[in-house]
Number of protein chains: 2
Amino acid sequence: MRQRKNSKELILDAAEAVVLEVGAAHMSLDHVARKAGVSKGGLMYNFPTKNALLKEMIARFIRQYYINRDKKLEDIEEGPARLFKAGILTALAPDKKRDSMGSSILAASANEPDLMDLLRQAHRNMLEDILVSGIKFERAAIISLAVDGLMFGRLLKTLPFNQNQIKKIEKEIMRLIDKEAEK
Amino acid sequence: MRQRKNSKELILDAAEAVVLEVGAAHMSLDHVARKAGVSKGGLMYNFPTKNALLKEMIARFIRQYYINRDKKLEDIEEGPARLFKAGILTALAPDKKRDSMGSSILAASANEPDLMDLLRQAHRNMLEDILVSGIKFERAAIISLAVDGLMFGRLLKTLPFNQNQIKKIEKEIMRLIDKEAEK
DNA sequence: GACAGTATACCGACTGGTCGGTATACTTAT
DNA sequence: ATAAGTATACCGACCAGTCGGTATACTGTC
């Protein structure tokens, strides 16, 4: 039964499912193995430590973000703020599964510096997109930070806004970008 | 030896110290008890469950925020945006210990809805302060969200800005508030 | 004011269970 | 044959919560 084809992918899928079920904090390797239809040994073979598994999950998560963003990119007309806008639209797009995963991952990573590194790096890349947008630094930063606030608030469910208010806010954000970009 | 006076406070202090040492995710009750100079039983007597302890810690954390804010309040001239400004200045003020605690608490709470409730409530109160400030809703929300983004970024150490840039951003935020408030 | 009875605060050994990781044997493709 | 890949059984550390017990303070009674 060598080569179950791509056990790694199977396991990552299962791990995601487990996280969605019980949260990353309560994700046990046995549970993941069971759900993946793989033995504990098989899991350990593919991911020597739990952190290694988590790391791959996060990497995959980030990869998915870029895929989504590149898809969004096609709908946006040329211009210096294009990347910036695509990133923001991607971040703002509602996506229950992603949010669920995200909050779990956040919780699991917050006290594990080497896991956080991946997220940090991804975030840093966004700064590049801001800097080439031509928008004045302070304004661009504030817009980007507001999007962060919206994201984190959504992940942690601490947003004190209703659906209607959020729509208004998102609209205003996009308006601001256009206004700042055309200067 | 009855009445160790205020074991609860002692234990809470110890719990904070432990969190600062190893992170909330790795805070064990034995560790807290040891550091507080209290037995396991004594701890459990005062806080029947670990969640109860965490809850008190968060409540205390939030209380401290309001104390800090009220102190800030004195330095701010009268005006409709006063509360809002004080809140933002408090949130933006650098405070290593608070940030450390905050990120740990965040991590511990993210998957425990009843712990999150406290934070959610505190956040909701801030919305009230926005709404009485007279600033146009969308603008006020964006400013507030940007502050959130700054806070979360600082807590999770994902901010892609250097110290100088952060100062600029903070200045711009305060400028925006003044500008929006005088309309 | 002394004593019994009760409530409060705390102790620390123990338990039940979880979970990351290890050891090792089995299976199949080349 | 051998090495990659998978399975099963197990270990040991950790840890939240339990429980029987102790010591001190409070309260009512005679």
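Guide: Contact here means heavy atoms within 4.5 Å. By that rule, 42 residues of chain B are in contact with 41 residues of chain A. This is a predicted model, where local features need pLDDT of at least 70 and side-chain atom pairs count only at pLDDT 80 or more, while totals for chains, interfaces and linings use all residues. Residues are numbered from 1 along each chain as written, chains are lettered from A in the order written, and side-chain values use heavy atoms, without hydrogens and water.

Visitor: Why is the link between A:Arg139 and B:Glu172 called a salt bridge?

Guide: The term asks for a side-chain nitrogen of Lys or Arg within 4 Å of a carboxyl oxygen of Asp or Glu. A:Arg139 and B:Glu172 meet at 2.5 Å, N to O, so the pair qualifies. The count between chain B and chain A is two.

Visitor: Which element gives the most to the side of chain B that touches chain A?

Guide: That's α8(B), with 12 residues; helices are DSSP runs (H or I, at least four residues), numbered from the N terminus.

Visitor: How much area do chain B and chain A bury between them?

Guide: About 3,800 Å², 70% of it on carbon and sulfur atoms. Buried area is the accessible area (1.4 Å probe) that two parts lose on being put together, summed over both.

Visitor: And what does B:Leu53 touch, leaving aside its neighbours within four places in sequence?

Guide: Its contacts include B:Ile11, B:Met27 and B:Phe47.

How values were computed:
Helix = DSSP H or I, 4+ residues; strand = E, 2+ residues; numbered from the N terminus.
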